[in-house]
Amino acid sequence: MDLKFYNTLTRKKEDFVPIDPKLVRMYSCGPTVYNYAHIGNMRAYVFMDTLRRVLTYAGYKVKSVMNITDVGHLLSDADDGEDKMEKSAREQKKTPKEIADAISAQFFDDLKALNINRPTVTPKATDNIPEMIEIVVALLEKGYAYETDDGIYFSVEKFPRYGQLSGINLDDQKSGARVEVNDQKRHPADFALWKKAQPNHIQQWDSPWGMGFPGWHIECTAMSNKYLGSPFDIHTGGIDHIPIHHENEIAQSECWLDKKCVNYWMHGEFMLFDGGKMSKSLGNCYLLSQLNEMGYSAMDFRYFCLNTHYRQKLNFTFDTLAASKTAYNRLLTLLRQHFDSDVRTEERVLKAFDDEFNAAISDDLNVPMALGVLWKMLKLPKSKDVCLLAQKWDAVFGLNLDKLPQPEKQQVNAPQEVIDLAEERLVARKNKDWAKSDELRAKIKASGYDVKDTATGYELSKS
């Protein structure tokens with residue numbers, strides 16, 4: 001299978017050619033574990049998982065690394081503000097490790113619920129401090145970094161290709177820069193490789209420059225090189241990482257190792273909330289557990305994510321999530337009907353659909369198109385062969401298409417007034433009007449019938 005991916009670095013789709021023909025090495029920016037990951041964050045990991053699934057489906061072995069940031073990520077993505085872990089620890093009156101352990105555990109539970117395969121290695125920043133210090137020392141010795149009163153900074157003007165990923169212009173940044181808090185920085189875009197810690201800073205390590213902690217960007221360079229080597233094939237993350245975090249990663253990595261370190265940069269778009277920004281400050285960042293409490297499963301949410309291409313903005317509303325829930329349940333019901341049929345489908349027909357599916361996922365992970373192929377195939381006459389091919393494709397979708405609902409029992413011939421009551425009760429349940437639902441159940445019972453809720457609606461039977 002010949003794969004094409006959109007490379008942010010070159011701004012075009014490219015044929016995917018791994019460094020090792022049999023093994024793909026991939027690094028993904030993981031969570032900063034100061035607070036729980038919301039559904040907007042989780043979209044990035046659904047994208048990461050889909051990419052790995054497509055690579056595996058295409059026959060590659062994949063070694064993937066996703067870091068856990070538990071130090072060094074300041075309130076801004078640059079070098080402004082307090083360390084997020086430090087701030088969270090102070091507010092919750094806990095240690096950074098206690099917070100990181102609890103948030104990490106929940107994060108991995110969420111990945112499991114979403115059927116996101118855990119990366120091969122998930123290193124913590126705090127376990128790789130010596131490797132970070134080694135890189136900073138090397139960059140100082142090579143003349144790419146300099147020391148100030150508050151830390152060690154990378155000099156972006158020493159790297160002529162700075163801006164190649166994001167397209168930013170250093171001259172424009174310099175002319176439009178605000179008055180810097182740190183007037184020892186030689187350029188506004190210079191970024192911290194290592195920060196000197198104040199005595200009251202909770203997380204700090206000994207270094208050639210005294211006690212301190214790493215800058216956020218150096219962490220990914222250290223961990224990707226340690227666990228994947230350089231160069232490696234693919235680096236993923238959200239588009240918000242492009243202008244600062246990933247631009248800085250490229251600069252420090254290439255200056256340290258004197259070579260290109262990543263061949264393909266791939267970025268997922270934002271999730272919006274009702275057409276606007278989704279952010280913690282706006283109070284519209286829902287957790288996966290909160291969706292579950294509202295009656296939406298993790299698979300409902302995964303299906304919702306897969307219906308929009310990873311490079312397009314995804315607009316979240318509860319109406320669209322409800323529609324995804326309905327569609328996902330309908331998908332399982334149709335697959336059950338196909339599975340229960342003993343009819344065979346011609347091999348040439350199945351192959352034509354399989355070729356369409358492969359073409360879709362090969363074209364920059366066009367999973368929405370692949371889902372369209374699935375729905376089109378389900379219109380064929382009922383056949384177990386159709387279900388089995390769909391379940392093969394689920395290696396890419398990750399939608400648990402092997403977990404089909406039990407066959408529905410034959411509906412009894414209930415009087416129309418009883419059916420009307422059951423339909424009214426179904427609407428009440430969808431509106432979460434439980435009192436109305438109970439009242440209608442009692443009326444149905446008084447008419448001599450029982451009503452049982454099912455995955456696709458309800459079932460009536462004689463009392």
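Analyst: Asp300 and Lys325 form a salt bridge through their side chains, with an N to O distance of 3.5 Å; the term denotes a side-chain nitrogen of Lys or Arg within 4 Å of a carboxyl oxygen of Asp or Glu. Distant parts of the chain are linked by this pair, since Asp300 belongs to helix α9 (residues 298–306) and Lys325 to helix α10 (residues 318–339), 25 residues apart. Helices here are DSSP runs of H or I with at least four residues, strands are runs of E with at least two, and both are numbered from the N terminus.

The model is a predicted one, in which local features need pLDDT of at least 70 and side-chain atom pairs count only at pLDDT 80 or more, while totals for chains, interfaces and linings use all residues. Residues are numbered from 1 along each chain as its sequence is written, and side-chain values use heavy atoms, with hydrogens and water left out.

Asp300 is buried, at a relative accessible area of 1%, whereas Lys325 is partly exposed at 27%. Buried means under 20% relative accessible area, exposed means over 50%, and partly exposed lies in between, with a 1.4 Å probe and protein chains only.

A further salt bridge joins the side chains of Glu424 and Lys436, again with 3.5 Å from N to O. Glu424 is located in helix α14 (residues 416–430) and Lys436 in helix α15 (residues 434–446), so this contact ties together parts that lie twelve residues apart in sequence. Glu424 has a relative accessible area of 38% and is partly exposed; Lys436, at 28%, is also partly exposed.

Helix α15 also holds the pair Glu439 and Lys443, whose salt bridge has its closest N and O atoms 3.6 Å apart. These two residues are separated by about one helical turn, because they are four residues apart in the helix. Glu439 is partly exposed at 38% relative accessibility, and Lys443 is partly exposed at 42%.

Beyond these pairs, a network of salt bridges links Asp49, Arg52, Arg53 and Arg302. In total, the structure holds 27 salt bridges.
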